[in-house]
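The following note sets out points for a colleague to check against the model. Please read it with the coordinates open.

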Amino acid sequence: PLLGELLASKAVDHVWPRRWAEISTALLVGFCLLLASHAATGWVRSVAPDLFAKGDPTLEMLQWDDLRNELISRGVLKRADFVVAVRWNEAGKIDLALDHALPVLVFTQDPRNFAFQSDPATFVGHDAIVVGRASTVDDNVRQLRSYFAEITELAPVSITRNGRAEFELHILYARRLLKPYPLPYPVR
């Protein structure tokens, strides 16, 4: 703010501070436009694949709408009574993509707001769909097996951006919840 006030005042006769501010603003706007266009289309990965060798942070901005369409076309949504995620941030994407078609529970010690949306005890005896990124589902499938009578792996769902598959979600069909997942918060 002080620099802005100084640049706006008549006290500065030099051209360079104003020119520097104009160039900085133009570069910032240009960078934001490049970032936004990449987030929407993923074009930078085609031009400079090494730039995202450790991962593309803009993938977190993608909606998982492909999930709903694929689960409906496979008839999976009709077979389950609830959805299980193992990370709260993935649960949010799943809940948004499914448009609240099924309750979403988070089977982890950090369920955040999902701990208060549905009581896991009400789903004992019911079937679920387990959804998540490959790494999160694969890392937790052993723990999940102790809560269900049977878990079957289904074909993964690709999440796309601009018509190109960016990553896969693993889908498991979990038959008959045997016991409620213990939440870290007290249930009312």
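Predicted model: local features only at pLDDT ≥ 70, side-chain atom pairs only at ≥ 80, totals over all residues.

**Notes on the strand pairing and its surroundings**

1. Serine 158 stands opposite glutamate 168 in E5. Here strands (E, at least two residues) and helices (H or I, at least four residues) are DSSP runs, numbered from the N terminus. Threonine 160 faces alanine 165 in E5.

2. Residues are numbered from 1 along each chain as its sequence is written, and side-chain values use heavy atoms, with hydrogens and water left out.

3. On confidence, pLDDT is the predictor's confidence in each residue, from 0 to 100. The chain has a mean pLDDT of 91, with 96% of its residues at 70 or more. Within the chain, helix H1 (residues 2-8) has the lowest confidence, at a mean of 75, and E1 the highest, at 98.

4. The hairpin of E4 and E5 has 2 residues between the strands, and asparagine 162 adopts a positive phi near 55° there.

5. E5 (residues 164-177) also runs antiparallel to strand E3 (residues 128-133), to which 6 bridges join it. Isoleucine 129 has tyrosine 173 in E5 as its bridge partner.

6. The open sheet contains 5 strands in the order E2-E1-E3-E5-E4, with mixed pairing. Strand E2 (104-106) and E4 each have a single partner strand and stand at the edges, so one side of each lacks a neighbour in the sheet. On average, neighbouring strands of this sheet are turned by 30° against each other, direction ignored.

7. Two helices lie across the strands. Helix H6 (residues 88-98) lies across strand E1 (82-85), E2 and E3, at about 175° to E2. Axes are lines fitted to C-alpha atoms, for helices over the stretch in contact (heavy atoms within 4.5 Å), and angles run from 0 to 180 degrees between N-to-C directions.

8. Is histidine 38 buried or exposed? Histidine 38, in helix H2 (residues 16-41), is buried, with a relative accessible area of 1%. Buried means under 20% relative accessible area, exposed over 50%, and partly exposed in between (1.4 Å probe, protein chains only). Not counting residues up to four places away in sequence, histidine 38 touches Trp43, Val44, Arg45, Phe52, Asp56, Thr58 and Arg161.

How values were computed: Pairing = 2+ DSSP bridges.
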